[in-house]
Amino acid sequence: MRLHSLTLRDFRGVKDRTVRLPALGTTVVVGDNEVGKSSLVEAFGLIFDLPDDSKSTRIRDIQPVGQDVGPEVTVELSLGSKELTYTKSWLKNRSTELTVVDFDGRRMSWTGREAHNEAERLFHQHVDPVLWQTLMVSQGQSLVLPTPADAEPLITAVTAESGTPVDGASMPLVTAVEHEYLRYWTRGGRATGDFARSEKAVVAAELTAAQALKAMEEVQQDIRRAERLALDLDDVANRLTDHLTSVEELRERKKATDEILLRRDSVKSRAETARARLENHTRTRVERERLLDEVERFTKTDAELIERRTDAETVAKTAADMVHAAEAALAEVVELKDARRTDVQEAERRVSELMDRAELDRLLGQQTELVDVRARIAAAGTILDRIKVDDALVAALEDAHAAVVEARAALAAGVPEVSVRRLGAEPVELSGTGLDAGSGGVPAELGFDESAELLVSGELVVGVPGQVEVTVRAGGEAATLRSRVDDAVRREKDLLKKAGVKDVAAARELLRKADTASAELHEARRTERSLTAGGDPGERIAVLTARLGPDEPEELSDQQAAVEGVPGQMSLFEEFVSPHDTLFDDFELPVSEPDDLTGAQRALDEARDGLAEAERLLRDAEFAAAQARKAADEDRSEAQNARARAEIAAERLAAAVEALEVARGVLDDEAVAAVEAEATSEVEAVLEELTGVQEQVDAAGADQVAGELADALAVAGRLQGERDTLRDALRTTEGRLEQSGRDGLATRRDVAELELAAVRSEHDSLRRRAEAARRVFETLSRHRSEAQTKYSEPLQSRIESLGRSVYGPSFRVWLDDDLAVSERELDGTRLPVEALSTGAQEQLAIITRLAISHLVSTGEHSVPVIFDDALGWSDKARLRDMGALLGRAGDHGQVIILTCMPDRYEYVPKATFIKLDA
Amino acid sequence: MGVGVCWVGRLSVAQVSVLTAMEESITFLHSSDWQLGMMRRFLGPDGQARWGQARLDAVARIGDVATSTGAAFVVVTGDVFEHNQVERQTILRACEALKRIPVPVVLLPGNHDALEPGSLWTSAQWQAHAPEHVTVLTDTTPLEIMPGVEIVGAPWRSRRPLSDPAAPGYADLKPVAGTTRILLAHGQLTSLSGGMSDVPTIDQAALEAAVADGRLQYVGLGDRHSTTQVTERIWFSGTQEVTSPEEDDPGNVLKVTVGGGEIEVEPVRVGAWHMVDHRAELFDEESLQGLEDWFAELPEKERTYVRLAGDGSLALPLLSRLDAMIDAQGEVFASVERWAKFWTVRPAPDAADLDALQLSGPARAAMEELRQALAAGDEGAGAALSLMHRLARDAG
């Protein structure tokens, strides 16, 4: 198709405009916004799409606003070998006219609907809609990459160029194969739909069938178990029957032997009775013998015990006497020990008292010394309080005095020394300032021959009234020297006043006195501390004074009297202990109470020795008394025992004699022996009879029959138990089988297997079909992919060829199954198109369209390439290259560019520029 | 395991002459192998339901035959039920069918419904619903079904008998003058089993000896589903309704008239179903048409199961037609099944088939690849090729 001209009348804002387009080459239609560039494209679409009586809103939209006019479009174009002039007006003055001039000059015209239909038919006959849509780029669509796989002219072109057969006719088959494949498989190759469901159904049916089969296997096992149990039960029942027969036979035998056993029991019973009677008589005889023996034995024992009792009583009496003597001696020694304890206590009291008195004397001396020391402390303190001089003050005084001397020496050296002597009678008056007369003052007047040595640091006026007045004035330095002397003197005076002395020597003396007082004070305080180290002596003195009391001589007298009382007691003791004289040989009592501590201490020691000795004597006496008591107790006890035993022996003897008499009263000694012999004979006779009966029992085996019967009954019981167990097990198994019968397990199994077979069959069928579908799909897809690769090559190489004129030799592209560019490589970097810049994407889209146009240009189905407002994202360098490319594209077909920015296309060579005025 | 599979050749049923002077004769019906509750996977759920009902209907028709023939009683020689553990519904429906038989019925437990522990015959379900005129032989004690007629039987007490399963029924018997004695037994005959049976078989010679010495006047056997005459007085009645295409003349009940030293046995058809095998050679359109004609001629299609064996190779259009034909017949018949073991029909695509589709480019190349794979023995390629052919044809 080639567009030759396009005329718009009353179309949107265009009143009447005709644009003529070259059939070949690149045409740039330039116009400002709103002048109707895009309307040209729109008008071309409308004239072929909508009949003149269309009520479409698209028609309403193109009617000029506010004008009751009908939009009209006329297009002149070539379709194959036909030249068409096609005019259509809508709304008002609706009309359609088509004139077609064939290649041989034949002209045909149509009007109205026929014209529309014929135009539409011719258009669709020559223009592939996909290609047309691909190459006509509306405003704002320049970025969209074309996907031209369904454009038949392109496919035809690339197929022809690649030599690969056209596949277009197979598309319905491809769709059908894919549809068939997707019935069974997902695109990812997983089973789906009925096929997937049948897989699950098979698994479920297998599970159900396995469960049903297992249930039936358990039934079969139960049947076999029941059969086995039934056989075992029969066997046990037969054995039980046989055994019960044996039991009955044994019962019969037992009945027959029971009579013999009864007779044996009777003889046994009589034998027992006779044996018991014999034992009774034997016991009587033994008892009689025992009584006789007892009487004899007790008589002898009684005599022995009476003799032993008499001896014991004698010994006990002697022991009691000895105890009495020992206890008397013990009482004496106790008294002695108490007296000696009193002595010790008295001696201890005396020692304590003397120690207190010595302590009191010491404390009194200490208190006197303390009073003296405290007086010394007070005196020294008074002295120290009065003396205000210390080492620093004396040092300061000495320094001040030295300063006075030094200042005066300087004054003397630096000021005039005026010596004035009164020689005559006339009074000589001295006055002035800054005068220094040494230690004395400056006399106001000199007596005769009295002189004055004056240092003049100020002004000295020596006058003789009425005669002369001499004024001596010191020089410049004199005043300063004078002032220094005055300052030194004043400081010295201040210090002396502070020290309270008249001069330095006095101060030194006071300082010496203060040191002496301070040493005294220190010494006195040290002494005081040592005296009060053990506490205030006064308090201790008060305690001791209170303890000793005022009446010491009388107390001592009492003590003495107490001591003197001891000899009486001693004599008493001596009298008591006379049998033990040797024990008291070294014992002496203190005669008098010593006055000194040493003597008292010695007396105490002696008293303690006396007490210790007394305590030793006491322990010995206590031991002797205890021994005597113990011996006496033992002897007394022995005597009591002897008495008791003698009494018991007498009683037992009496009782034995009485018992013997009683027994003899019943049966005398001879009769006892006779009845025993008789009983013995009776026993022997019965035992002989029992032996005979037992021989009969043994011969009949009567004793074994009962045992055999018991054993047989036990075996029968066991067999019955075994039979019952088997019967129960059989019933249980039969119960299960009955239940399985009620449950119809075999039917369930058959149904489950039937269902399994059905779903398996269904699944096998589906699987065969699914596998077939997959095989077809994969085989076809593989062949299509290979073919696709082949016929994408011409387009790919064409795009790369065009692109290299813009980007250079490293430019490469890859196409996908839709023949759309998917990736671009530049300078070794390969990127998906989505990753490219907007400008690069637009350039790639334009290059691809130009390549498509180039490929289809030789066929009768070629169409113009139309760009409405493109290259908005390219820089100047790229605009230059793209412009060159667009220009070259015109060599192969009709390229139409609509723009309001003509400078974007100034680099398009050989372009025809058409300017649309407003 | 059932032993009713006919794995030997067809046995001809002897023509029985009609006795003209049978004195004090008795007529009864002999049937066996009802195997109620049996299922056949090849029938599908619907076919299975209808076939199961047909087996019960055939039992009911035995009652009709009893009425029409004046039979005094009916004996069933084993395998009345498919299992001892059939569902309750099967038992109840069997009882209802038995009630349709107006004369006494004597049932013999067979290997499928042996009198083993948990047997259906001792179950509360059976005993609660069994009709009063039905007797189950549970031991070998002779049953005087009517004066002068004794039925002796050898019920199976286990599925694994240790010896001739018929012998206990007649071993200790002596001939009794004036008494017609009928033996009911179940199992394969030694003479017919070919030594292949895995359970003890029935000694045919011993049976014939018992018949010959007058101990038995008729021996009714079960287990073989085909109606089979062994001797004049020894018969397999066969199943009342066909269970397998291998069976030969199933679906009969035997009308037996015995007495006065004579016997007359007549098979009476009660079955309504057919199970047939068919083998077809398929190699061109004509052979395909032959198969279609064969299907068309079969009667009672809705009660017929066809097991189809096929051999040969067909061009893709013919193969598609064959598939369509079998699918269509499967809707008409009770079931049509390709006999997998004997189904070797292969697609045979040629260049003309592909040309006819007018395919080009990758589609043509793909189909050619599949065709070559099939030619090289790739079975999967055949199915794929057929599918692609059909899709291309439909898409075109």
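Predicted model: local features only at pLDDT ≥ 70, side-chain atom pairs only at ≥ 80, totals over all residues.
(A salt bridge here is a side-chain nitrogen of Lys or Arg within 4 Å of a carboxyl oxygen of Asp or Glu.) The two residues sit three residues apart in helix H7 of chain A, so about one helical turn separates A:Arg197 from A:Asp194. Helices are DSSP runs (H or I, at least four residues), numbered from the N terminus. A:Arg197 counts as exposed, at 53% relative accessibility, while A:Asp194 is partly exposed at 47%. Those words have set limits: buried is under 20% relative accessible area, exposed is over 50%, and partly exposed is in between (1.4 Å probe, protein chains only).

A:Lys255 is exposed, with a relative accessible area of 59%, and A:Glu252 is partly exposed, with 49%. An α-helix has 3.6 residues a turn, so residues three or four places apart point the same way.

## Helix H10 of chain A

Now to helix H10 of chain A, residues 504–531. Its 28 residues reach 40 Å from first C-alpha to last, close to the 40 Å expected at 1.5 Å a residue; the expected span is 1.5 Å times one less than the number of residues. At the start of the helix, a side-chain oxygen of A:Asp503 comes to within 3.4 Å of the backbone nitrogen of A:Ala505.

Which residues of H10(A) are buried? They are A:Val504, A:Ala507, A:Leu511, A:Ala514, A:Ala517, A:Leu521, A:Ala524, A:Thr527 and A:Leu531. Their cover includes helices H7 (193–386), H8 (391–414), H9 (476–499) and H11 (537–548) of chain A. A:Arg526 is partly exposed at 42% relative accessibility, and A:Glu523 is partly exposed at 31%.

## Where chain B meets chain A

Contact (heavy atoms within 4.5 Å) links 43 residues of chain B with 41 residues of chain A. The area buried between the two chains is about 3300 Å², with carbon and sulfur atoms giving 65%. Buried area is the accessible area (1.4 Å probe) that two parts lose on being put together, summed over both. B:Gln85, B:Pro117 and B:Pro362 supply 20% of the area that chain B buries against chain A, more than any other three residues.

Four salt bridges are counted between chain B and chain A. B:Arg160 forms a salt bridge with A:Glu227, the closest N and O atoms being 3.1 Å apart. On the side of chain B that touches chain A, helices H3 (124–129), H10 (361–375) and H11 (379–395) of chain B each supply at least two residues. The largest share, ten residues, comes from H11(B).

## Reading the model

Residues are numbered from 1 along each chain as its sequence is written, and chains are lettered from A and ligands numbered from 1 in the order in which they are written. Local features need pLDDT of at least 70 and side-chain atom pairs count only at pLDDT 80 or more, while totals for chains, interfaces and linings use all residues; side-chain values use heavy atoms, leaving out hydrogens and water.

Notes
Polar contact = N/O pair within 3.5 Å; in protein donor to acceptor, adjacent residues only side chain to side chain.
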